[in-house]
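Here is a short report on a protein structure. Keep the sequence and the 3D view open as you read.

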Amino acid sequence: MRDVAVVGFAQRQMKDFDGSPSMAELLVPILGECYEQTGWQKKDIGFWCSGSSDYLAGRSFSFVSAIDAIGVLPPVNESHVEMDAAWALYEAWLKIQTGEVDTALVFGFGKASAGVLRRTLALQLDPYTMTPLWPDTVCLAALQARLGLDAGLWDENALAEVVNRSLTDAEKNEYAVRAGGSSVEELLARPMFADPLRKHDCAPVTDGAAAIVLAAGDRAREANQRPAWISGIAHSSDGLHLGTRDLTTSGSAERAAAAVGGTDGVQIAELHAPFSHQELVLRSALGLGEDVRLNPSGGALAANPMFSAGAIRIGEAAKKIWDGTADKVLGHATSGPALQQNLVCVMEGR
Amino acid sequence: MSRTLQAPVTVAFDYTRSTGPVIGRFLTGLKQATIVGGRLSDGRVAVPPPEYDPVSHQAVTEFVELPDTGTVTSWTWVSEPVAGQPSESAFAYALITIDGADTPWLHAVDVASPDDISTGMRVRARWAAERTGAVTDLVFVPDDGTTSADRPTEPDAEEVSRIITPVSLDYRYAASPEESSFFRGLAEGRILGQRCPKCRKVYVPPRGACPTDGVPTSEEVELSDVGTVTTFCVVNVPFMGQKIKPPYVSAYVLLDGADIALQHLILEIPAEEVRMGMRVKAVWKPREEWGTSIENISHFAPTGEPDADFDTYKHHL
C-alpha cells in the first residue's frame, strides 16, 4: 500500500447560496484555497473526483458545469460519484493506490435550498414500497430515534446533550449555519418537529461545497509540513429494506470500523451525524470511548451541506493533525436513510 | 435585490417500473386487499417481501398471506407534511409489524393528534375502495378490536406486473451572477458577453468559470446581434411541447465579436437551404413582449450577405 495523506482542505457552508446550483462560482475560490495551501497549480493534480446530485440541482449534468471551475483544457483525469465527496475521496485514494497518479483533488457541492431537501431525499428510497409514500428523511430519522428511546438505549437528555455540545462548539466555526449552546433544560422546552425530534435535533438545510487534496509519499510532504496520513479507510452499506435493518445499531459503520483495524488510539473524531441520536449510534458502532473528543467543529448539527458534509468531517479531522492538536483522528461520512451507508477514514500524524 | 435571477422550475416524470415476481406478488396482494409477506432464510417473515434475502442473498420465493392488522413498533408525528405524503394535514408515519410478520413495515397511520398514537398500539388497514396495486392502496387506523366489516375482497384482481410512480420536484432555479447579467441585458435588447481575463475569449452567455482556465469571466463585452452559422441540425422529429412545425433548423450562431456560439432557431429560409457560414441576424420580438429571456429573440434570419469564409469560424466549432 502507498502512504497517502490529506494535505489540503477548503470549505464554504451557508444557509442560502445566491448563485447557480452547479456552484462553479463557489468552487473557484475553494479550489484557489487548495492551490494556496499546497503551493500547487492545476497541472500538479493527477486526478479529480467530485460528488453531487442532479436531484439537488434540479438540472441535468450539473457536475459537468461544475468542472468548469477546474478549467479543463488541456483535458484532466476526472470522475464523479452521486454520493458525498467522502466517497469521491475513497475513489481518489484507490486511484493513487493503483500508482497511476500521485495527487488528487476531490470536491463536493450542493445547493439544497433550491428545493425541499427532506422531500427530494425520498427519492433515495426503495421506489416500489417506499417512495410512493414520500417518507421524508426527518421522519425516518425520528422513527429510528424512537426505537432507541423505547428500548432505553438513549433518552431525551442524551439527545439534548449532543445538541448542546455541538452548538456550543459551533460558535467557534465560522461556517456554522446554526450555533449557540444553551442548556439541556432550555432545549427540551422547545416544541417537537417530528416527534420525538425537535428542530435542533435535525441538521439544518445547508448549501455548500468543499474540496480536499490527497497526495502520496514525498508529494504529500512537499505540500504539507505535517500531512494527515490515512492509516485506514473503508466503507460499507446496509440493505435497502428499512424493515430488515436493526435501526438502533449501525452494522455498516461497525464493518467499516473493523475494516480499518478498529479505532483504538483515536483522540478526536468528526462524525457525520445529521440527527442527534445518530451520533450515539455511531459512537457505539465505531467503538469510540468517552475519552474521544467528538465533533470539535460542531458537526452536522451546525451545518450539513449535502454531498460535502462527510468530506468536511474528514477535512476538519485532518486539520487537527496538521496543527499538532492530535496524533490520531477519525473522519466519518454517512449517506442514505437512517445511516444506511458509512465511511470511516482514520488519519495519523508521523 | 438578489444578485441572481431566479425562477420556479418543476421537474417531473412518471416512472414506469416492472415489478418482477416478488414485488409483483406483494402489490397484487394489495390490489386484492391482502398483505403478503415473504419468508427469509432464517424463517422470519418480512413485509414487504424483499426480492433477495438480506443475509443469505438468496431469492425470496415463499410467500405468506397475512391479516391486515398489526402493532406499532415506532412512530413519528409529521407536523409539516410535504407534497405527495399520505395526508395534507399532520399525520403519523409508523413502523408497523403486521400480525404473523417479524419485520416492521413503514406506513402512515391516520390519527388526529400525536396523543392518539403510541408504541404498542394495535392498528388495522383501511383499504381504498379502488386499488391499483400500490402501497398507497391503504393507510392504517387504530384497531378498535372489532373485525373490519368493511374490508373489501377482490381475489380475482388482475396480476400487477408494472407500476407507474409519478415524481415531481419543485425548485427555485437560479442563474449564476454572470448568466444573470446576460439575461438582464436581454431585457434591454442588449446581448452581453464577458471576456476571460486569462485566455481573452469572449463567452456568451458569460460563465462563473472559464472552462479552459477555471477563472470567472469578468470584463463585459456587448455583442452584435449579427453572426455566422457555425453548425446546425434540421429538426424532423415531433416532440411534446414543440412550438414550431418540423422541419426547422436549430443552429449555433457565432455572434460577431464572440468566441463561443449561441444556440438558436434559423427561420425565414427553407431548412434545406441553411448552411455553415451563412450570415444571420437576430429577429427580436416586439419590445412589449421582452423579459429577462433569450426568447426576446424570436429567431435568427438570413442577412443576405455573402457567406463567411470557413477560416473565420473554424476555431469556433
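The report goes from domains to the chain interface, then to salt bridges and single residues.

## Domains

This is a predicted model. Chain A is divided into domain 1 (4-116 + 205-225) and domain 2 (117-203 + 229-348). The C-alpha centres of these two domains of chain A are 22 Å apart. Their contact takes 44 residues from domain 1 of chain A and 37 residues from domain 2 of chain A. Together the two domains of chain A bury about 3,400 Å² between them. Carbon and sulfur atoms carry 70% of that area. Three residues stand out: A:Q13, A:W87 and A:V116 supply 21% of the area that domain 1 of chain A buries against domain 2 of chain A, more than any other three residues. How many salt bridges are there between domain 1 of chain A and domain 2 of chain A? The count is zero.

Chain B also has a division, into domain 1 (11-168) and domain 2 (176-316). Here the C-alpha centres of the two domains lie 53 Å apart.

## Where the chains meet

The size of an interface is often given as the accessible area lost when the parts come together. Between chain A and chain B, about 4,700 Å² is buried. Carbon and sulfur atoms give 60% of this area. The contact joins 54 residues of chain A and 63 residues of chain B. The two chains share two salt bridges. One of them pairs A:K199 with B:E80.

## Salt bridges

Over all chains, the structure holds 37 salt bridges. The table lists some of them.

| Pair | Closest N to O distance |
|---|---|
| A:K199 and B:E80 | 3.9 Å |
| A:R255 and A:D238 | 3.0 Å |
| B:R44 and B:D42 | 2.9 Å |

Take A:R255 and A:D238, which form a salt bridge. A:R255 sits in helix α10 (residues 251-259) of chain A, while A:D238 is in the loop between β8 (228-237) and α10 of chain A. The pair links distant parts of the chain, 17 residues apart. A:R255 is partly exposed, at 41% relative accessible area. A:D238 has 14% relative accessibility, so A:D238 counts as buried.

B:E219 lies in strand β13 (residues 219-223) of chain B and B:R195 in strand β11 (residues 191-195) of chain B, so the pair ties together parts that are 24 residues apart in sequence. B:E219 is partly exposed at 37%. B:R195 is partly exposed at 22%.

In chain B, B:R44 and B:D42 count as partly exposed too, with B:R44 at 30% and B:D42 at 48%. Salt bridges can also form a network, as with A:D44, A:R219 and A:E222.

## Buried and exposed

Is A:S50 buried or exposed? A:S50 has a relative accessible area of 1%, so A:S50 is buried. A:S50 belongs to strand β2 (residues 47-51) of chain A. Beyond its sequence neighbours within four places, A:S50 contacts residues including A:F63, A:H80 and A:F107.

Helix α11 (residues 276-285) of chain A is mostly covered, with eight of its 10 residues buried. Among them are A:V281, A:L282 and A:R283. Just after α11(A), A:G287 takes a positive phi of about 70°.

B:L317 is exposed because its relative accessibility is 56%. B:L317 is found in the segment after α3 (310-313) of chain B. With B:M276 and B:F310, B:L317 makes a nonpolar surface patch of about 300 Å².

Conventions
Residues are numbered from 1 along each chain as its sequence is written. Chains are lettered from A and ligands numbered from 1 in the order in which they are written. This is a predicted model: local features need pLDDT of at least 70, side-chain atom pairs count only at pLDDT 80 or more; totals for chains, interfaces and linings use all residues. Side-chain values use heavy atoms; hydrogens and water are left out. Patches are made of residues with over 30% relative accessible area and no salt bridge: like charges are joined within 9 Å, nonpolar side chains (Val, Leu, Ile, Met, Phe, Trp, Tyr) within 5 Å. Accessible areas come from the Shrake-Rupley method with a 1.4 Å probe; for residues, only the protein chains shown count as cover. A salt bridge is a side-chain nitrogen of Lys or Arg within 4 Å of a carboxyl oxygen of Asp or Glu. Helices (H or I, at least four residues) and strands (E, at least two) are DSSP runs, numbered from the N terminus. Buried means under 20% relative accessible area, exposed over 50%, partly exposed in between (1.4 Å probe, protein chains only). Domain bounds come from an automatic or database domain assignment. Contact means heavy atoms within 4.5 Å. Buried area is the accessible area (1.4 Å probe) that two parts lose on being put together, summed over both.
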